[in-house]
Amino acid sequence: MGEENSKRKSSYTKDTIISEKLSKEDVALVDILFMHVLQDGYNIPPQYHDVKDFFSQLIRSCLKLHSIHPGKISCILSVKPAILNAYRTLHGGAIGAVAERVSIACARTVVGKDKELFLGELRMSYLSAAPCNAEVVIDGSIIRSGRNITVVAVDFRLKDSRKLVYTSNATFYHMLVASL
């Protein structure tokens, strides 16, 4: 085994700035975390390699509609390896993308097609974690909908235990669609 193969690769470059206030153990831990993300975190399934908006398609492939009613929507999210973080739990960005998509779908059950929806706020609370291969039940419901505003709450619960793992609130502003 050559010398260059015996050394562990690092996520740092010669230009990386490392604070002198950090211990060598902390620096090594961060390095290991980044190497894990760089090696394992970007394993995009082949069907998404050359797709213009692969992230939306990736999220859609994990999300299945369970029920839809005026002001309420329910979905099942399968936690697949492609949407995991370095800790092998559901990635926060994927959670935000799902929350946005479910919120829009829920708002559309009560807001007419003559109005555009503008997402003014999306608040997330990460309470726990959803592990790989878990199924998450996502329930969206309208908190308030009026002439100019709609507020949607979304809860994410593990299917097996019903444990609340994430919550989200979205505020949408209504705008009339311009006719040409």
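This briefing walks through the main features of the structure above.

The model is predicted: local features need pLDDT of at least 70, side-chain atom pairs count only at pLDDT 80 or more, and totals for chains, interfaces and linings use all residues. Residues are numbered from 1 along each chain as its sequence is written, and side-chain values use heavy atoms, with hydrogens and water left out.

**Overall layout**

- The chain has four helices and six strands; helices (H or I, at least four residues) and strands (E, at least two) are DSSP runs, numbered from the N terminus.
- Starting at the N terminus, the order of elements is α-α-α-β-β-α-β-β-β-β.
- The chain has 180 residues, and 33% of them count as buried; buried means under 20% relative accessible area, exposed over 50%, and partly exposed in between (1.4 Å probe, protein chains only).
- Among contacts (heavy atoms within 4.5 Å) with a separation of 6 or more, 61% join residues 24 or more positions apart.

**The nonpolar core**

- The largest nonpolar core has 35 residues, and L77, L90, I138 and F156 have the most contacts inside it; such a core is a set of buried Ala, Val, Leu, Ile, Met, Phe, Trp, Tyr and Cys residues joined through side-chain atoms within 4.5 Å.
- At least two residues of this core come from each of α3 (54–62), β2 (72–78), α4 (92–108), β3 (115–126), β4 (135–145), β5 (149–158) and β6.
- Helix α4 gives the largest share of the core, eight residues.
- Not counting residues up to four places away in sequence, L77 touches C62, L63, I83, L90, V98, A134, E135, V136 and I138.

- Beyond its neighbours within four places in sequence, K72 is in contact with C106, T109, G140 and S141.
- The whole structure holds zero disulfides, a disulfide being a pair of cysteine sulfur atoms within 2.5 Å.
- For C106, the nearest cysteine sulfur is that of C75, 9.5 Å away.
- C106 is buried, with a relative accessible area of 0%.

- T171 sits in strand β6 (residues 164–176) and is buried, at 10% relative accessible area.
- Apart from neighbours within four places in sequence, T171 is in contact with F118, L119, G120, E121, I149, T150 and V151.
- M175 is also found in strand β6, and M175 is partly exposed at 42% relative accessible area.
- Together, F118, Y173 and M175 make a nonpolar surface patch of about 300 Å²; patches are made of residues with over 30% relative accessible area and no salt bridge, with like charges joined within 9 Å and nonpolar side chains (Val, Leu, Ile, Met, Phe, Trp, Tyr) within 5 Å.
- A salt bridge here is a side-chain nitrogen of Lys or Arg within 4 Å of a carboxyl oxygen of Asp or Glu.

**Positive phi in two loops**

- Most residues other than glycine have a negative phi.
- R88, in the loop between β2 and α4, has a positive phi near 65° and is partly exposed at 45% relative accessible area.
- N133, in the loop between β3 and β4, has a positive phi near 70° and counts as exposed at 63% relative accessibility.

Key. Areas by Shrake-Rupley, 256 points an atom, 1.4 Å probe, with all protein chains shown as cover.
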